[in-house]
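Work through these exercises with the structure open beside you. Try each task before you read its solution.

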Amino acid sequence: MMARPRQTIVSLEDTPYYHCCSRVVRKAFLCGIDHATGENFEHRREWVDSRILELATIFAIDICAYAVMSNHLHVVLKVDPDKARQWSDKEVLIQWHKGFKGTLLTQKYLKGEDLNQFELQTVDECITEYRKRLIDISWFMRSLSEPIARMANKEDKCTGRFWEGRFKSQALLDEAAVLACMAYVDLNPIRANVAATPETSDYTSIQRRINSAIKGEQPTELLPFIGNEHLNMTNGLMFSVKDYIKLVDDTGRIIREDKHGAISSSSQDILNRLNIPAENWLKITTEFGSLFKGAVGALPALTEYCEHLDRKRRQGASNCQRWLCA
């Protein structure tokens, strides 16, 4: 089956949340340890981690969760088109130039140099295009993967692809899908037995959230949890960060056979609100990637999403109904 064009997957009318995954094409040690030679490539995970957070300061796209593994990465993104719309023309160029050169004319415009009418029209066209790109998850993922590939190829003294040609992307259509996918991503190192607990899971958003929570803070690089009261914030995840960390910790302890774990009362409260039975939650956060190949959400949301994108069939509807509905 041919891969779908990205524009037939993204529907901001239905959801701003998307789960993206990229894999390397050569051997797994490209981001980890080459067991044949003992050479350590772990530092490349730091490259990816830093680049994800850097791009969040450029694009109008927030990072909900991420995990950088030895041979693949996951990110859960929230596109913020309102932020991009509210940027002035100058702010759009400033944002774009944080990560890209732009053109000679856009650089002159920002310096306040005189431009003729034709040059100003060209700059206006660039601004329109950049504003679109700054909410485009394909541009985000491309801007993440290409510099890492160049650095890895230079280090390996070779050419060719570092990542698979296309990243996988799926729409997360409701609160339950978003939170389940975030937990699935945050628990990657525990499922892979490379970390025993969320706080020791290097290169993950959950470790970053835990380290900030210890100080009574939330990481500025990630989309915050704003709780049920909103706390005068309009852009954030609708749970408390303390409850989310507890939920991930509870889930991780159950997943690991050498840990005694159970769903606590606060975690059960979240699952009740999401209308997901505990046994379903454990199945989803363990097997999210294999259970859901397309958009994820309750059937009404999935139906609307498919209608807006002129889909004749609802891919994955049976698993959405089975695992996301009590």
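**Exercise 1.** Find which residue lies over the face of Phe 239, and at what distance from the ring centre.

*Solution.* This is a predicted model. Start at the ring of Phe 239. Arg 273 lies over its face, 4.3 Å from the ring centre. A charge counts as sitting over a ring when CZ of Arg is within 6 Å of the ring centre and within 35 degrees of the ring normal. Now look for another case. Arg 142 lies over the face of Trp 139, with 4.3 Å to the ring centre.

**Exercise 2.** Classify the ring pairs that Trp 96 makes with Phe 100 and with Trp 139.

*Solution.* Step one: recall the cut-offs. Planes under 30 degrees apart count as stacked, and over 60 as edge-to-face.

Step three: take Trp 96 and Trp 139. The ring centres are 5.5 Å apart and the planes meet at 65°, so this pair is edge-to-face. Trp 96 belongs to helix α3 (residues 89-99) and Trp 139 to helix α6 (residues 137-156), so the pair ties together parts 43 residues apart in sequence.

Step four: widen the view. Ring pairs link Phe 59, Trp 96, Phe 100, Tyr 130, Trp 139 and Phe 140 into a cluster. The structure holds nine aromatic pairs.

**Exercise 3.** Decide whether Trp 96 and Trp 139 are buried or exposed.

*Solution.* Buried means under 20% relative accessible area. Trp 96 has 3%, so it is buried. Trp 139 has 17%, so it also counts as buried.

**Exercise 4.** Work out the strand order of the open sheet, and say which strands stand at its edges.

*Solution.* The sheet has four strands, in the order β2-β3-β1-β4, with antiparallel pairing. Read off the ends. β2 (61-68) and β4 (168-171) each have a single partner strand, so one side of each has no neighbour in the sheet. From one strand to the next, the twist averages 20°.

Next, zoom in on one pair. Seven bridges join β2 to β3 (residues 72-79). Within it, Ala 65 stands opposite Val 76.

**Exercise 5.** Find where Ile 284 sits and what it contacts.

*Solution.* Ile 284 is in helix α12 (residues 278-291). Its relative accessible area is 0%, so it is buried. Leaving aside neighbours within four places in sequence, its contacts include Ala 180, Tyr 184, Trp 323 and Leu 324. Look at Ala 180. Ile 284 and Ala 180 are 104 residues apart in sequence, but 6.8 Å apart in space, C-alpha to C-alpha.

Technical notes. Residues numbered from 1 in each chain as written. Predicted model: local features only at pLDDT ≥ 70, side-chain atom pairs only at ≥ 80, totals over all residues. Heavy atoms only, no water. Pairing = 2+ DSSP bridges. Helix = DSSP H or I, 4+ residues; strand = E, 2+ residues; numbered from the N terminus. Axes fitted to C-alpha atoms, helices over the stretch in contact; angles between N-to-C directions. Phe/Tyr/Trp six-rings, centres within 6.5 Å; stacked < 30°, edge-to-face > 60°. Buried < 20%, exposed > 50% of the residue type's maximum accessible area, 1.4 Å probe, protein only. Contact = heavy atoms within 4.5 Å.
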